[in-house]
Amino acid sequence: MRNALGYAAVVGQVVAVVAGAPLLTGWMRLVRARLEGRAGAGVLQPWRDARKLLRKEPVTPVGTGPAFRVAPALLVATTVVAAALVPLLSTATPVSGHADLIVVVALFALGTLALALAGLDTGTAFGGMGASREMTVAALVEPTILLSVFALSIPAGTTNIPAIVADALGQPARFASPAGLLAVAALAVAVLAETGRIPVDNPSTHLELTMIHEAMVLEYAGPDLALVELGAQLRLALLLGLLSSLFVPWGIATGASSWAALAAAPVLCGVKVAVLGALLAAAEVCWAKVRLFRVPELLAGSFLLALLSVSASYFLNGAS
């Protein structure tokens, strides 16, 4: 019974992320459009764009190697594997023992590295510029994610993410502690940078002086571009899901849960992620993109918040 629940949870998490990620992107675009006084294209527009791209012929630039051709599939594959590990619907799955914090962050880093290598493989000025900027941001973002989640792992005594979430379900007051508040602030900034959102990057611009992610994928077309766009949408949905699982874990099924609890988990997870997406879209309307040379300062500040959250968590748990 428990094995069946666990396997169903893993399949449900992957299906929910893959099917819901484009809808989340469309929802955020719709919220932003309505706040700006526009009608918007609708929630299903990312799926329409993907269908249009899949019908086109793939184009590979002359002189590119395996890195350019493999990167889109590798970006999607690493994110799908991470979606199976992160406890979005249940903390008791057959792969829960492998859902370590370092493994999940390494999967995100592998996708980032693959896309950066693809940008370099094109041999264009934009590709190299975007890859350089992306790795600079990644070098500051990945440690922030590690430290902010590690601050939550100190009370749980483990870096296993499902165990951290299960332990937090029994102690909800932990989120109001100084360590919890600092960790959520640091992780929120890291999510913005990891997904290329304002104020770090603008996913809807192609200005050569400001773009980061778009500079690496300018040479992609057709199905390859559809995979790249899907990978970016998956990462956004998964990171928002991780943020909701760590700091708003209510509704996630546990080891003693029933089929009814598992059936309700996708609905509650979708509501939490949709709310976070709407808040992010609303914030992007009010924020302006910072200058590129100010991005390291912003990310260094988030790293400092994560470091303070680890110190506060260690002090509070050591004192207790």
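What is the volume of the largest pocket? In this predicted model, the largest pocket has a volume of about 1,200 Å³. Let's start the tour there.

**Stop one: the pocket.** Select R29, P203, E214, E229 and A232: of the 50 residues lining the largest pocket, these are the closest to its centre. Next, colour the helices that each give two or more residues to the lining, among them α1 (2–35), α4 (101–121), α7 (178–194) and α10 (259–286). Then pick out α9, which supplies the largest share of the lining, with 10 residues. If you now colour the lining by class, you will find 27 nonpolar, nine polar and 14 charged residues.

**Stop two: α5.** This helix (125–156) also gives two or more residues to the pocket lining. Its 32 residues should span 46 Å at 1.5 Å a residue, and its end C-alpha atoms are 47 Å apart, so the two values agree. Zoom in on F150, where a kink of about 30° in α5 is centred. Step past the end of α5 to G157, whose phi is positive, near 75°.

**Stop three: the annotated spans.** An unreviewed UniProt entry lists several ranges as "transmembrane region", including 6–28, 135–155, 236–253 and 295–316. Select residues 236–253 from that list: the span is 67% helix and 0% strand, with its end C-alpha atoms 22 Å apart. Finally, move to residues 295–316, where the chain is 100% helix and 0% strand. Here the end C-alpha atoms lie 32 Å apart.

Key
Residues are numbered from 1 along each chain as its sequence is written. This is a predicted model: local features need pLDDT of at least 70, side-chain atom pairs count only at pLDDT 80 or more; totals for chains, interfaces and linings use all residues. Side-chain values use heavy atoms; hydrogens and water are left out. On a 1 Å grid over the protein atoms alone, a cavity is a set of points where a 1.4 Å probe fits but cannot get out, and a pocket is an open set with protein on both sides within 12 Å along at least five of seven lines; lining residues have an atom within 4 Å of a point. Grid points are joined across faces, edges and corners, and a volume is the space filled by probe spheres set on the points. Helices (H or I, at least four residues) and strands (E, at least two) are DSSP runs, numbered from the N terminus. Ala, Val, Leu, Ile, Met, Phe, Trp, Tyr, Cys and Pro count as nonpolar, Asp, Glu, Lys and Arg as charged, and the others, Gly among them, as polar. UniProt positions are given in the numbering used here, feature names are shortened, and annotations may be inferred rather than shown by experiment. The expected span of a helix is 1.5 Å times one less than its number of residues. The bend at a residue is the angle between axes fitted to the seven residues ending there and the seven starting there.
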